[in-house]
Amino acid sequence: MSDTTPIKTSDLEKSDVVNKTTGQKWVYSPIVKEHFFHPKNILLEEPAEGQFDARGTVGSPACGDVMDIWIKVDPTTERVVDLKWKTFGCGSAIAATSMFSVMVTENGGLTIEDAMKIKPQDIMERLGGLPNRKIHCSVLADKAFRKAVNNYFHAVGKHDRVEVEGARVVDKNLNITDKDIEEAVLEGAQTLDEVQKKLKVGVGDPEAIPEIEQLIRFYSEKYYG
Ligand code: FES
């Protein structure tokens, strides 16, 4: 097949992705494929004025892709009654966000509080798993959702409900923060060696190592279970 030959959906549905360099196969579950080929709650047109209460947009430092989420909230119950999304992300981002949107809005919608409790592993379980290298794609939905929720609370004047996640410097020599370590783990580094290959964190600041290792354990547990 030449590069310009259009790929038929039926072909894609049959195949998983094989890395041309390593030959490693990324196996996608039937549920992942279903949500990739038939994404739920995807927004195909610009939203109408007043259709949603808030929007959250995030970019992935790991790959540069972007995720946009819009939410509609019942002001009395704080249930998320509608959630739509759009992304420039890959198939894993599409499948994971599609599943996340179903989990948040099914059965009349979760309350904001309960929706914020959805963990990456919960989405993985419902999807039947994702390759580890694609976990960073699957957390874009959660991050964009949290931004949308913060924007919602700002919009309705509940500024005290806004949750700010600040970055904290863990290696003062290189100005590397806990968020940099989170991104390294999301890109697949799960040991000190692997993180140091990406960031050199702690190399010139050995006193920072215990905290760095603790953060690696924390984020590995959070994203890989
Ligand atoms: S979202 Fe960018 S590679 Fe998956």
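What covers the buried residues of α5? I opened my notebook with that. I kept in mind that this is a predicted model.

**Entry 1: helix α5**

I looked up α5 at residues 120–127. Its buried residues are Pro120, Ile123, Met124 and Leu127. They span an arc of only 100° around the axis, so they sit on the same side of α5. Then I went back to my opening question. The cover over these buried residues includes α2, α3, α6 (135–138), α7 (140–155) and α10 (209–224). I also checked what follows the helix. Gly128 comes after α5, and its phi is positive, near 80°.

**Entry 2: α2 against α3**

Two helices from that list got a second look. I noted α2 as residues 30–37 and α3 as residues 91–105. Two packed helices are described by the angle between their axes and the distance between the axes. I looked up both. The axes of α2 and α3 come within 8 Å. They cross at roughly 90°. An angle of 65 to 115 degrees counts as roughly perpendicular, and α2 and α3 are therefore roughly perpendicular to each other.

Which residues meet there? From α2 I listed Val32, His35 and Phe36. From α3 I listed Gly91, Ile94, Ala95, Ser98 and Met99. I sorted the residues of this contact by class: five are nonpolar, three are polar and none is charged.

**Entry 3: Ala95**

Is Ala95 buried or exposed? I needed the cut-off here: a residue is buried if 20 or more other C-beta atoms lie within 10 Å of its own. Ala95 has 28 other C-beta atoms within 10 Å, so Ala95 is buried.

Next I asked which residues Ala95 is in contact with, leaving aside its neighbours within four places in sequence. I found Val32, His35, Phe36 and Leu127. Val32, His35 and Phe36 belong to α2. Leu127 is one of the buried residues of α5.

I also looked up a pair that includes Thr57. Ala95 and Thr57 are 38 residues apart along the chain, and 18 Å separate their C-alpha atoms.

**Entry 4: the two domains**

Last, I stepped back to the whole chain. The protein chain is divided into domain 1 (15–161) and domain 2 (169–224). Their centres, taken over C-alpha atoms, are 26 Å apart. How many residues are in contact between domain 1 and domain 2? I noted eight residues of domain 1 in contact with seven of domain 2. On the domain 1 side of that contact, five residues are nonpolar, two are polar and one is charged.

How values were computed: Residues are numbered from 1 along each chain as its sequence is written. This is a predicted model: local features need pLDDT of at least 70, side-chain atom pairs count only at pLDDT 80 or more; totals for chains, interfaces and linings use all residues. Axes are lines fitted to C-alpha atoms, for helices over the stretch in contact, and angles run from 0 to 180 degrees between N-to-C directions. Helices (H or I, at least four residues) and strands (E, at least two) are DSSP runs, numbered from the N terminus. Angles under 35 degrees count as roughly parallel, over 145 as roughly antiparallel, 65 to 115 as roughly perpendicular and the rest as oblique. Two residues are in contact if their C-beta atoms, placed from the backbone, lie within 7 Å. Ala, Val, Leu, Ile, Met, Phe, Trp, Tyr, Cys and Pro count as nonpolar, Asp, Glu, Lys and Arg as charged, and the others, Gly among them, as polar. A residue is buried if 20 or more other C-beta atoms lie within 10 Å of its own, exposed if 12 or fewer, and partly exposed in between; C-beta atoms are placed from the backbone. The arc is that of the directions from the helix axis to the C-beta atoms. Domain bounds come from an automatic or database domain assignment.
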